[in-house]
Amino acid sequence: MRIKSRKFGTKAEGDMTPMIDMTFQLIAFFMVLINFTEVETDERVVLPISELAKPPETPLDRPITIQVTADGQALIGGDAMEVGGQLELALNRERRVLGRLGRSPASVPIIIRAHKEAKTGKVQEIIEYCQSSQFEKFRLRAEQEIEGQNDED
Amino acid sequence: MKVRNADRENEKIELQMTPMIDIVFQLLIFFIMTFKIVAQEGDFNIRMPAAGVPQSDPMVVETTTLKVRMKSNLEGDLTSITLDDRALTPPPSGSGADVFDVLRQRVLETVGDPTGPNSLAPDTEVEFECDYNLDYQYVIRGITAVSGKMEGNKVIKIIEKIKFAPPNKQG
């Protein structure tokens, strides 16, 4: 008894429409969420968490970001340097560039992104170096607390 | 003269789907790989003009300074915290509060309700004096405690003038 279908030779075609619909929806989802912000970040720096850390309502006017790693190195524009003469040179260079652009260092905010386990004294030393280069506005950056997150360490 | 081919009129036009699906999947994989959830970041303003610059302005109302002193051990853990030389005792563990909640409470007792008309908060500044080795996260927690509190989703600001005492070298 042969039950084999006579349709053996016909081409089986699945309906592709739902799959393509879903795929386009996924693409749209990821495209909307993609983040092209140019925030200077570094994986060596894990920011401390604060419930009051809210993004500023108006973007800062061309700030300078100084990152501080847990072992006390300063990072400016991706260049790692020890806190000392090298940092002073880098800050003076920034000041000269600002001078050529006609901006005073006192008006330029310095964003300090320090690792949560960095030594406070190091951060203060960096602030002192900035002050000696005539920078006066500082912003200490922290990460916003996500609900349910518990910083026990 | 009719050139149209009568046979082709009922013929089904089949789109070639394979290249499109290939590209779509490539795009999908690109977006999945580059997807990263980034927590939002915020700033605490501190204003620290360089020493030696005259800061006395006759128009400025005299400000009161509250001194917060944070001590640490060599590993950077917070060992004690004082507000104007009065030590703050941490609440018993399990109460859900920590020593920074006590700090906030004391600051609120000193300056009064920050939303009220008689609040001293606008004319008060806080100076943080920290040990050199103290972990930076405690400074942020201290600044968070004195600079505001959350009520629901709203931030109630307390003190906005924050500065650091010169670094305290230890060990």
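Biologist: How many residues does the contact take from chain B, and how many from chain A?

Modeller: Bear in mind that this is a predicted model. The contact takes 43 residues from chain B and 46 residues from chain A.

Biologist: Which elements of chain B give two or more residues to the side that touches chain A?

Modeller: Those are α1 (18-34), β1 (41-47), α3 (136-147) and β6 (148-151) of chain B. The largest share comes from α1(B), with 8 residues.

Biologist: And how do the residues on that side of chain B divide into nonpolar, polar and charged?

Modeller: On the side of chain B that touches chain A, 27 are nonpolar, 10 are polar and 6 are charged.

Biologist: Which strand of chain A is joined to β1(B) by bridges?

Modeller: That's β6 (residues 137-144) of chain A, which runs antiparallel to β1(B), with 7 bridges joining them. To pick out one pair, Glu143(A) has Glu41(B) as its bridge partner.

Biologist: OK, new topic. How many helices and strands does chain B have?

Modeller: Chain B has 3 helices and 8 strands. Going along the sequence, the pattern reads α-β-β-β-β-α-β-α-β-β-β.

Biologist: What percentage of chain B is buried?

Modeller: Of the 171 residues in chain B, 23% are buried.

Biologist: Which strands does β5(B) pair with, and in what sense?

Modeller: Strand β5 (residues 124-130) of chain B runs parallel to strand β2 (residues 64-72) of chain B, and 7 bridges join them. Two of the residue pairs there are Arg69(B) with Glu129(B) and Met70(B) with Cys130(B). β5(B) also pairs with β8(B) in the parallel sense, over 4 bridges. In that pairing, Val126(B) has Ile162(B) as its bridge partner.

Biologist: Which side chains of β5(B) are on the buried face?

Modeller: Thr124(B), Val126(B), Phe128(B) and Cys130(B) point to one face and are buried.

Biologist: Last one, over to chain A. Where is Thr65(A)?

Modeller: Thr65(A) is in strand β2 (residues 64-68) of chain A.

Biologist: Why does Thr65(A) count as partly exposed?

Modeller: Because Thr65(A) has 19 C-beta neighbours inside 10 Å, and a residue needs 20 or more to be buried.

Biologist: Which residues is Thr65(A) in contact with, leaving aside neighbours within four places in sequence?

Modeller: Thr65(A) is in contact with Glu40(A), Ile111(A) and Arg113(A). As for Pro109(A), the C-alpha atoms of Pro109(A) and Thr65(A) are 8.6 Å apart, with the two residues 44 apart in sequence.

Technical notes. Residues are numbered from 1 along each chain as its sequence is written. Chains are lettered from A and ligands numbered from 1 in the order in which they are written. This is a predicted model: local features need pLDDT of at least 70, side-chain atom pairs count only at pLDDT 80 or more; totals for chains, interfaces and linings use all residues. Two strands pair if DSSP finds at least two bridges between them. Two residues are in contact if their C-beta atoms, placed from the backbone, lie within 7 Å. Ala, Val, Leu, Ile, Met, Phe, Trp, Tyr, Cys and Pro count as nonpolar, Asp, Glu, Lys and Arg as charged, and the others, Gly among them, as polar. A residue is buried if 20 or more other C-beta atoms lie within 10 Å of its own, exposed if 12 or fewer, and partly exposed in between; C-beta atoms are placed from the backbone.
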